[in-house]
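Q: I am new to this structure and would like a short tour. Could we begin with the strands and then turn to the ligand?
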Amino acid sequence: MQRITILGATGSIGESTLDVVGRHPDRFSVFALTARRSHARLLEQCLVHEPAYAVLAERDAAATLRASLAERGSRTEVLDGPHAAAEVAAASETDLVMAAIVGAAGLEPTLAAARAGKTILLANKEAIVMAGQVFLGAVRDGGATVLPIDSEHNAVFQCLPAGGRRDGVRRIVLTASGGPFRSFDVARMAAVTPEQAVAHPNWSMGRKISVDSATMMNKGLELIEAHFLFDMPADRLDVVIHPQSIVHSMVEYVDGSILAQLGNPDMRTPIAHALAFPGRIDSGVSMLDLATHGRLDFERPDPGRFPCLRLAREALSAGAAAPCVLNAANEMTVDAFLERRIRFTDIARINEAVLDALGAARAPSDTAEVLALDARARECAGVRLAEAAA
Ligand code: NAD
Ligand code: MG
């Protein structure tokens, strides 16, 4: 029996994880579930999965959940405050930690899981992009294991030689759907609304990653994620547009072989893969029927129309502070776009201005420096956002 903590349980990845876990009550029990403030959804999850702990970052929401659980005679204990998620992620009673909080907010509990030597199922790409070597250092020092959940990275992991070796690997090729605006010109993109941007053609996901898919910053963050996870230099990482999202990514070998992982676009597949690794379990995902699809298309991305992809490449090549700065700027600009304070095309423009201003700063060497750099980049983005809104 393995005990799991799900950070970000009420989100898209969190819900999919509970769906898979719930199919295998003989293999998994839920130790803790965390969220920011969605007490109503967390209450339902607690009543079904009966975790030892439920965590809400926001105190008032936690008080509501505590009262509702007590009323129903639940034995789940409710914790709150900024560090409670890190406590349950590092607790000795948990074996697996699903890191599925969106954004920099997920860094602290994910680092706590790393230092405590947990098996981390990593969905929260922003954590590894912003903390890079600091995150990998915590994984090493804590003796933790990281299994990728991001569908592309999970696909690559499945296609690499067993045991994390790199023998004969020439390149890693990440596939990208191109998002809802794949064929839009820049003028059309300037006018798109948040509703259009979050309506992804193939995947149902949280709002932030949906906007990132529309700008293709998501693929840029994934290039940086792949660099850190698989220790691959920038010139051996490529992106190809594949609108059907059936091929989830590929590994090229020196002999001309290309291995790919295919499947219907449903995150329960990579989640089940990581939960059972190195075994396999049912995920609830229907089998892919290639004859029904008929065709798979591939094309090169257009960095002219998707400047965020170019910015991420630049940040990856520059290294040091650049990935953390770009990630922080992007979290701020995506929020501003979702709140209708800036246009869609302002996201890349402001991200670039912040990267130009701070990207050459010294690489952060510990968690405190990562958080300080993140805060500086957010402040810089805040100034640019205020100018844009004025
Ligand atoms: P989501 O917005 O649906 O859910 C986010 C979860 O994090 C929620 O449970 C929310 O309560 C919690 N949360 C948000 N802010 C928080 C804060 N400040 N403190 C504590 N908890 C907070 O997001 P999602 O789509 O599930 O994505 C989660 C992560 O997984 C992201 O990093 C995303 O890039 C990555 N990811 C998602 C998908 C997908 O299909 N959804 C695919 C690949 C990678
Ligand atoms: Mg992905």
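A: First, a term: two strands pair if DSSP finds at least two bridges between them. In this predicted model, strand E1 (residues 2-7) and strand E5 (residues 96-99) pair in the parallel sense over four bridges.

Q: Which residue in E5 does Leu7 stand opposite?
A: Leu7 stands opposite Ala99.

Q: What is the strand order in the open sheet?
A: The order is E4-E3-E2-E1-E5-E6-E7, which makes an open sheet of seven strands with parallel pairing. From one strand to the next, the twist averages 20 degrees.

Q: And which strands stand at the edges?
A: Strand E4 (77-80) and strand E7 (145-148) do. Each has a single partner strand, so one side of each is left without a neighbour in the sheet.

Q: Turning to ligand 1, how many residues surround it?
A: Ligand 1 is surrounded by 21 residues, and the closest are Thr10, Ser12, Ile13, Glu126 and Gly206. The shell divides into eleven nonpolar, six polar and four charged residues.

Q: What lies 2.7 Å from an oxygen atom of ligand 1?
A: A polar side-chain atom of Thr10 lies at that distance. Backbone atoms take part as well: a polar backbone atom of Gly206 is 2.8 Å from an oxygen atom of ligand 1, and one of Gly8 is 3.3 Å from an oxygen atom of the ligand.

Q: How much of the ligand's accessible area does the protein cover?
A: The protein covers 87% of the 820 Å² that ligand 1 has on its own.

Methods. Residues are numbered from 1 along each chain as its sequence is written. Chains are lettered from A and ligands numbered from 1 in the order in which they are written. This is a predicted model: local features need pLDDT of at least 70, side-chain atom pairs count only at pLDDT 80 or more; totals for chains, interfaces and linings use all residues. Side-chain values use heavy atoms; hydrogens and water are left out. A residue is near a molecule or strand if one of its heavy atoms lies within 4 Å of it. A polar contact is a pair of N or O atoms within 3.5 Å; within protein, one must be able to donate a hydrogen and the other to accept it, and residues adjacent in sequence count only if both atoms are side-chain atoms. Accessible areas come from the Shrake-Rupley method with a 1.4 Å probe; for residues, only the protein chains shown count as cover. Ala, Val, Leu, Ile, Met, Phe, Trp, Tyr, Cys and Pro count as nonpolar, Asp, Glu, Lys and Arg as charged, and the others, Gly among them, as polar. Helices (H or I, at least four residues) and strands (E, at least two) are DSSP runs, numbered from the N terminus. Axes are lines fitted to C-alpha atoms, for helices over the stretch in contact, and angles run from 0 to 180 degrees between N-to-C directions.
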